[in-house]
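Please read it with the structure open.

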Amino acid sequence: MNPVIGLDVSKGESQIQAFLDKGKPYRKNFSIKHDIKGLGNLLEFLHEVEKSANNQPTVVLESTGHYHYPVIQFLEEQKYVYIIVNPLISHRAKSSSLRKVKTDAVDAYHLCELFYKEELEPYKKRGVQLLNLRNLTRQQESIAEISAKTKIQLYSLLDQVFPEYRGVFGSLYSRVSLLTLLAFPTSEAVLSASESELSEKISSLCKSRSDLWAQERAKKLKEAALRNPFQNNLYQSNIFNLEMLVNLVLQYQEHLSKIANEIDSLAKEIEEYHILQSIPGIGEKIAATIISEIGEIDRFNNAKKLVAFAGVDPSVYSSGKFTASVNRITKRGSNRLRHALYMAVQSGIRDARKKKTTDEIIARNKRLREFYDKKREEGKPFRVAVIACVNKLLHWIYALLKSRTTFQDIA
């Protein structure tokens, strides 16, 4: 017998259905909670099915974001084989029925049937090290997005309080700039202090710079305060919100710095991280994101599967005598991986600085730039050419990680 147990996972609980063999359901379905008691009941049921079928059952469940993590960890600890099904595949199987029924019990039943219909492969577990790296890079991306939105809010609010402040420092969002703005958020605060007091404050906030630099910034700050159209701020709420947003941006910068250090220390121990950085255009941040999203390269039998995982394989539509000539990419894989690869290609095909001895412009990645230029000469639009480069880059990444060799940029 070939037993299987289908788990329809939801938040905090799962619906369970077992089959001893194809077309042979075992007992009625039931639900368990994702706690110690519930997982203990699942283990008892696994033993019961194994005893009835004289064979260890395979567990099939649908990928549900993070809700299935407690079950997965439990199955790994108990050394049971499990299969995580893509929701697109399971939805297609459920849609094959003429009856329109949607319940957790029916979904668990369909997962068991899917096991016998499709050639499903057991889940290839990722290493703990790469999973840790993936968690960190995803958290970094999440905080960076929130930080960017907060900076936009701060920029907008500054237009209503102290618009002339922009330009006092090289970067509005540098630490010394934000701390100075926190100390002197209005024209009134700046003008009430002497230039020497402003200089001393700026110098204490940025000790790596000279006193002359601090004096120049203090002079610029005074001039900005005199030009500022809001000499008297009528709305104290704007000042309060400005100080709050400045503190938030500073906190996000501190968190991002800590995460970056953690990613760097963890990634340095991974061989694939250094291999990817040998490709021109791929820096530390992009390399960490790519390798954490891909995981172990042995999870993919060939480069085409890696391309499909990234979601940059072209969709195909053909019916009867009609074959579509314009095919978009599927976008069914990892969007974070796609974004990182897109940024790597953009960086690789971009022109580097001119050599001092000649006027020749050298691309960062010569081979990738030649391939991009070829596609453009063929009449391909910019985005199509870039996606073709992403596809090419993925093939290179697959070959390098499989052979454990570095990239050789041939002129």
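1. **Overall make-up.** This is a predicted model. The protein chain has 16 helices and seven strands. It runs to 411 residues, of which 41% count as buried. Consider the contacts in the chain with a separation of 6 or more: residues 24 or more positions apart account for 62% of them.

2. **Cysteines.** How many disulfides does the count give? The count comes to zero. A disulfide here would need a pair of cysteine sulfur atoms within 2.5 Å. Cys206 has 14%, and it counts as buried because the cut-off is under 20%.

3. **Glu48 and Arg27.** Start with Glu48, in helix α1, which spans residues 36-53. At 28% relative accessibility, Glu48 counts as partly exposed. Setting aside residues up to four places away in sequence, Glu48 touches Tyr26 and Arg27. With Arg27 there is a polar contact, side chain to side chain, at 2.9 Å. Arg27 itself sits in strand β3, residues 24-33. The relative accessibility of Arg27 is 47%, so Arg27 counts as partly exposed. Check the backbone here too: Arg27 is not a glycine, yet its phi is positive, about 60 degrees.

4. **Lys79.** Where is Lys79 found? Lys79 is in the loop between α2 (69-77) and β5 (82-85). Its relative accessible area is 67%, so Lys79 is exposed.

5. **His34.** This residue lies in the loop between β3 and α1. Is His34 buried or exposed? His34 is buried, with a relative accessible area of 17%. The cut-off for buried is under 20%, which is why 17% qualifies. A polar atom of the His34 side chain lies 3.5 Å from the backbone oxygen of Glu13. Leaving aside neighbours within four places in sequence, His34 is in contact with Val9, Ser10, Gly12, Glu13 and Ser14, and also with Tyr67, Pro70 and Val71.

6. **Ser177.** Helix α6 holds Ser177. Its relative accessibility is 0%, so Ser177 counts as buried. What does the side chain of Ser177 reach? It reaches the backbone oxygen of Leu172, at 2.8 Å. Beyond its neighbours within four places in sequence, Ser177 is in contact with Tyr165, Phe169, Ser171 and Leu172.

7. **Helices α6 and α10.** The helix of Ser177 also takes part in a helix pair. Helix α6 (residues 175-183) packs with helix α10 (residues 236-267) at an angle of about 155 degrees, and their axes are 10 Å apart. Angles over 145 degrees count as roughly antiparallel, so α6 and α10 fall in that class. α6 passes α10 in a left-handed crossing. On the α6 side, Arg175, Leu178, Leu179, Leu181 and Leu182 take part. They meet Leu242, Glu243, Val246, Asn247, Val249, Leu250 and Gln253 in α10.

8. **Helices α8 and α9.** Now compare the listing for α8 (residues 195-205) and α9 (residues 211-227). Their axes come within 8 Å and cross at roughly 125 degrees. From α8 come Glu195, Leu198, Ser199, Ile202 and Ser203. Their partners in α9 include Asp211, Trp213, Ala214, Arg217 and Leu221.

9. **Asn135.** Helix α5, residues 128-161, is the place of Asn135. With a relative accessible area of 47%, Asn135 is partly exposed. How many residues apart in sequence are Asn135 and Ile263? They are 128 residues apart in sequence, but 9.7 Å apart in space, C-alpha to C-alpha.

Conventions. Residues are numbered from 1 along each chain as its sequence is written. This is a predicted model: local features need pLDDT of at least 70, side-chain atom pairs count only at pLDDT 80 or more; totals for chains, interfaces and linings use all residues. Side-chain values use heavy atoms; hydrogens and water are left out. Helices (H or I, at least four residues) and strands (E, at least two) are DSSP runs, numbered from the N terminus. Buried means under 20% relative accessible area, exposed over 50%, partly exposed in between (1.4 Å probe, protein chains only). Contact means heavy atoms within 4.5 Å. A polar contact is a pair of N or O atoms within 3.5 Å; within protein, one must be able to donate a hydrogen and the other to accept it, and residues adjacent in sequence count only if both atoms are side-chain atoms. Axes are lines fitted to C-alpha atoms, for helices over the stretch in contact, and angles run from 0 to 180 degrees between N-to-C directions. Angles under 35 degrees count as roughly parallel, over 145 as roughly antiparallel, 65 to 115 as roughly perpendicular and the rest as oblique. A crossing is left-handed if the near helix is turned anticlockwise from the far one by less than a right angle, and right-handed if clockwise.
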